[in-house]
Amino acid sequence: MASITRASVSMPSLSTSVNQSQRRISGLNSVSFPVSGRSMIPSLRLQRGLQVCCAAKQETVDKVVAIVKKQLALPADAAVTGESKFAALGADSLDTVEIVMGLEEEFDITVEEESAQSITTVQEAADMIEKLVEK
Amino acid sequence: MASTSVSRPQILSLYRSILRTARQFTDYNIRQYSRRRAVDGFRQNGGLTDPSSISAAFSDGESQLQVVKRQAVVYSLYAPEVRSVMETYLAGKRS
């Protein structure tokens, strides 16, 4: 029985391969076990919509929060978390475009048009940044 | 050519294109100015409700985008070797 918690997976029946896979697993959305021969559990892929585990690193989320606060001129102690929606923080669509631009400059990435329009929360932005930085 | 009403995604796409193109300027002054002008211009027209004035503002924005694109090329041809003190100062402060 495997239970997927925040970035830690333990399979007591797999002994040697666990060490190798655990090193790779931290902070991934998709988990696949390199079991020789038969696969006990098919490779599990967490769908985007489930958002069971937060894949983005905390420092990425912190940087995103800092940029959002600067753009929306929020005070430093305003409560902005991964789940905060930009619209709830008082951002209109122009603000969202500027926030995405700021993120592009900060992380030196290029966000495509469709992906940029689908970002509504801080967590989504951080996840997308992680995905683009990995490439 | 264009549909009678301009949609929100189109406007946001134009905004993004202008900001992206303005980033390419090598000269600090014109880069900051075009960014500021784009932000102010889009916010000022944000409250328009009449479709004809919206599409007028949109086509105005499109022609401005063409201006920015051309000027980005022209400015890069005559880029000075010395960077603006604002850039060096800010870069020094950050690092």
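**Chain interface and helix packing**

In the predicted model, 16 residues of chain A are in contact with 13 residues of chain B. The two chains bury about 1300 Å² between them. Carbon and sulfur atoms account for 51% of that area. On the chain A side, the largest losses of area to chain B fall on Leu94(A), Val97(A) and Met101(A). Together these residues make up 40% of what that side buries. Seven salt bridges are found across the interface of chain A and chain B. Arg43(B) pairs with Glu98(A) in a salt bridge, with the closest N and O atoms 3.1 Å apart.

Helix packing was examined next between the chains. The crossing is right-handed. Helix 3 of chain A contributes residues including Leu94(A), Val97(A), Glu98(A), Met101(A) and Glu104(A) to the contact. Among those from helix 1 of chain B are Arg8(B), Leu12(B), Tyr15(B), Arg16(B) and Leu19(B). By class, this contact has seven nonpolar, one polar and seven charged residues.

Within chain A, the axes of helix 2 (residues 58-72) and helix 5 (residues 122-134) come within 9 Å and cross at roughly 125°. The two helices are therefore oblique to each other. Their crossing is right-handed. Thr60(A), Val61(A), Val64(A) and Val65(A) make the contact from helix 2. Helix 5 supplies Val122(A), Gln123(A), Ala125(A), Ala126(A), Ile129(A) and Glu130(A). The contact of helix 2 with helix 5 has seven nonpolar, two polar and one charged residues.

Methods:
Residues numbered from 1 in each chain as written. Chains lettered and ligands numbered in written order. Predicted model: local features only at pLDDT ≥ 70, side-chain atom pairs only at ≥ 80, totals over all residues. Heavy atoms only, no water. Axes fitted to C-alpha atoms, helices over the stretch in contact; angles between N-to-C directions. Helix = DSSP H or I, 4+ residues; strand = E, 2+ residues; numbered from the N terminus. Parallel < 35°, antiparallel > 145°, perpendicular 65-115°, else oblique. Left-handed = near helix turned anticlockwise from the far one by under 90°. Contact = heavy atoms within 4.5 Å. Nonpolar A, V, L, I, M, F, W, Y, C, P; charged D, E, K, R; others polar. Buried area = accessible area lost by both parts, 1.4 Å probe. Salt bridge = Lys/Arg side-chain N within 4 Å of Asp/Glu carboxyl O.
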